[in-house]
Amino acid sequence: MIRVGLGYDLHRLIEGRKLILGGVAFDFEKGEDGHSDGDVLFHAITDALLGAAGLGDIGSYFPPEDMKWKNADSAELLRTVWRDIQAAGWHLVNLDCVVKLERPKFLPRRREVIESIAATLGAAPDQIFVKAKTGEKLPPVGTSEAVESEVVCLLEK
Ligand code: MG
């Protein structure tokens, strides 16, 4: 059996927060606002994997009103979810990801982000791809008010 999953997330960019994408910290004057560390890419990946496995979504797994997840490391949340998905017999075929941000430049860090995602999932880097798109100066991504991510994944068992 193969199943596809789709994940999407958006976080507001504000001063005084770190910009973390796929577990990699970027140098920028703003970062993702959020209950956890706000890693928009890991959140979209988590939702895509949960959707494909039919195990709910990130909000049902880690309720935002639960103080346990305040400033949580999104890599840890993803690892928790992925353990359960693997326990249900699923294997990753591939993940294809889009990050939408105006600045800073994503491309120089792409390899690092792919390797970080692969390491978090115990997958091979060639099962994962990440591309970045700007917002063409249009709000909210193009004005650096927000960062977005969209992810599709394929699971098999
Ligand atoms: Mg999120």
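Donors are N, O and S atoms within 2.8 Å of a metal (3.2 Å for Na, K and Ca), and because water is not among the atoms, sites may look incomplete. With that in mind, meet the magnesium ion of this structure, which is coordinated by Asp9, His11 and His43. This is a predicted model, in which local features need pLDDT of at least 70 and side-chain atom pairs count only at pLDDT 80 or more, while totals for chains, interfaces and linings use all residues. Residues are numbered from 1 along each chain as its sequence is written, and side-chain values use heavy atoms, with hydrogens and water left out.

**The magnesium site**

- The magnesium ion is held at 2.1 to 2.2 Å by Asp9 (OD), His11 (NE2) and His43 (ND1).
- Along the chain, these donors follow the spacing D-x1-H-x31-H.
- Asp9 sits in strand S1 (residues 2–15) and His43 in helix H1, so this pair links parts of the chain that are 34 residues apart, with helices (H or I, at least four residues) and strands (E, at least two) taken as DSSP runs numbered from the N terminus.
- Are Asp9 and His43 buried or exposed? Both are buried, where buried means under 20% relative accessible area, exposed over 50%, and partly exposed in between (1.4 Å probe, protein chains only).

**The nonpolar core**

- The largest nonpolar core has 45 residues; such a core is a set of buried Ala, Val, Leu, Ile, Met, Phe, Trp, Tyr and Cys residues joined through side-chain atoms within 4.5 Å.
- Ile45, Leu49, Leu95, Ile117, Val130 and Leu155 touch the most other members.
- Among the elements that give two or more residues to this core are helix H1 (40–53), helix H3 (74–87), strand S5 (91–100), helix H4 (110–121) and strand S7 (146–156).
- H1 supplies the largest share, 10 residues.
- Leaving aside residues up to four places away in sequence, Ile45 touches Leu78, Leu95, Cys97, Ile117 and Val151, a contact being heavy atoms within 4.5 Å.
- As background, nonpolar side chains tend to be buried together in soluble globular proteins.

**Salt bridges**

- How many salt bridges does the structure hold? There are eight, each being a side-chain nitrogen of Lys or Arg within 4 Å of a carboxyl oxygen of Asp or Glu.
- Glu29 pairs with Arg103, with the closest N and O atoms 3.1 Å apart.
- Glu29 lies in the loop between S3 and strand S4 (30–32) and Arg103 in the loop between S5 and H4, so the pair ties together parts that are 74 residues apart in sequence.
- Glu29 is partly exposed at 46% relative accessible area, and Arg103 is partly exposed at 42%.
- Glu76 and Arg79 form another salt bridge, their closest N and O atoms being 3.0 Å apart.
- Because Glu76 and Arg79 are three residues apart in helix H3, about one helical turn separates them.
- Lys100 and Glu148 meet at 4.0 Å, N to O.
- This pair links distant parts of the chain, with Lys100 in strand S5 and Glu148 in strand S7, 48 residues apart.
- Lys100 counts as partly exposed at 22% relative accessibility, whereas Glu148 counts as buried at 11%.
- Lys100, Glu148 and Glu150 are linked in a network of salt bridges.

**The loops**

- Asp27 is found in the loop between S3 and S4 and counts as exposed at 75% relative accessibility.
- Asp27 and Arg103 are 76 residues apart in sequence and 9.9 Å apart in space, C-alpha to C-alpha.
- Lys105 lies in the loop between S5 and H4 and is exposed, at 70% relative accessibility.
- Which residues does a cis peptide bond with omega of about -10 degrees join? It joins Arg103 and Pro104.
- A cis peptide bond also joins Pro139 and Pro140, with omega of about -5 degrees, and Pro140 belongs to the loop between S6 and S7.
- Lys137 lies in the loop between S6 and S7 and has a positive phi of about 65 degrees although it is not a glycine.
- Ser144 lies in the loop between S6 and S7, with a positive phi near 55 degrees.
- Lys137 is exposed at 64% relative accessibility, whereas Ser144 is buried at 6%.
- For context, most residues other than glycine have a negative phi, and most peptide bonds are trans.
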